[in-house]
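Good morning, and thank you for coming.

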Amino acid sequence: MEQLRCQGIGCTAALTEDRNPEGSCRYHASLPTLTRLRCCMRWKCRDLLVKEYDEFVSIPPCARRWHSADPTP
Ligand SMILES: [Zn+2]
Ligand SMILES: [Zn+2]
């Protein structure tokens, strides 16, 4: 059976009914963007430019909600 996953941007948690208190999902309020030079990435919601993917995904999400199959709150 396919496991549903939270669609919050930056969140990859599995969706379960019983472990989903409000605030458990930490996500980004907007999609990531590539800069024109394509050398850097940033989250639209954060004013941070990074070059490495690992660094990019480790930037802490800036918003909270509960996990949901809907990508936007
Ligand atoms: Zn963010
Ligand atoms: Zn989530």
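This is a predicted model: local features need pLDDT of at least 70, side-chain atom pairs count only at pLDDT 80 or more; totals for chains, interfaces and linings use all residues.

Among contacts in the chain between residues at least 6 apart in sequence, what percentage join residues at least 24 apart? The figure is 43%, where two residues are in contact if their C-beta atoms, placed from the backbone, lie within 7 Å.

Residues are numbered from 1 along each chain as its sequence is written, and chains are lettered from A and ligands numbered from 1 in the order in which they are written.

Let me turn to the overall layout. The chain has four strands and one helix; both kinds of element are DSSP runs numbered from the N terminus, helices being H or I of at least four residues and strands E of at least two. Read from the N terminus, the order is β-β-β-α-β. The C-alpha trace spans about 45 × 25 × 20 Å along its principal axes.

How much of the chain is buried? Of its 73 residues, 10% are buried. A residue is called buried if 20 or more other C-beta atoms lie within 10 Å of its own, exposed if 12 or fewer, and partly exposed in between, with C-beta atoms placed from the backbone.

I shall now consider some residues in the segment before strand S1, which covers 25–27. Cys6 is found in that segment and counts as buried because it has 23 C-beta neighbours inside 10 Å. Leaving aside neighbours within four places in sequence, Cys6 is in contact with Cys11, Ala13, Leu15, Cys25, His67 and Ser68. By contrast, the C-alpha atoms of Cys6 and Glu55 are separated by 22 Å.

Cys11 also lies before S1, and its 18 C-beta neighbours inside 10 Å are why it counts as partly exposed. Beyond four places in sequence, Cys11 touches Cys6, Cys25, Arg26, Tyr27 and His67. Cys11 and Cys25 are 14 residues apart along the chain, and their C-alpha atoms are separated by 6.9 Å.

Gly10, again before S1, is buried because 21 other C-beta atoms lie within 10 Å. Its contacts, with neighbours up to four places away set aside, are Tyr27, His28 and Pro61. From Gly10 to Ser30 the C-alpha distance is 9.7 Å, across 20 residues of sequence.

Finally, is Glu17 buried or exposed? Glu17, in the segment before S1, is exposed, because 6 other C-beta atoms lie within 10 Å. Glu17 and His67 are 50 residues apart in sequence, yet 9.3 Å apart in space, C-alpha to C-alpha.
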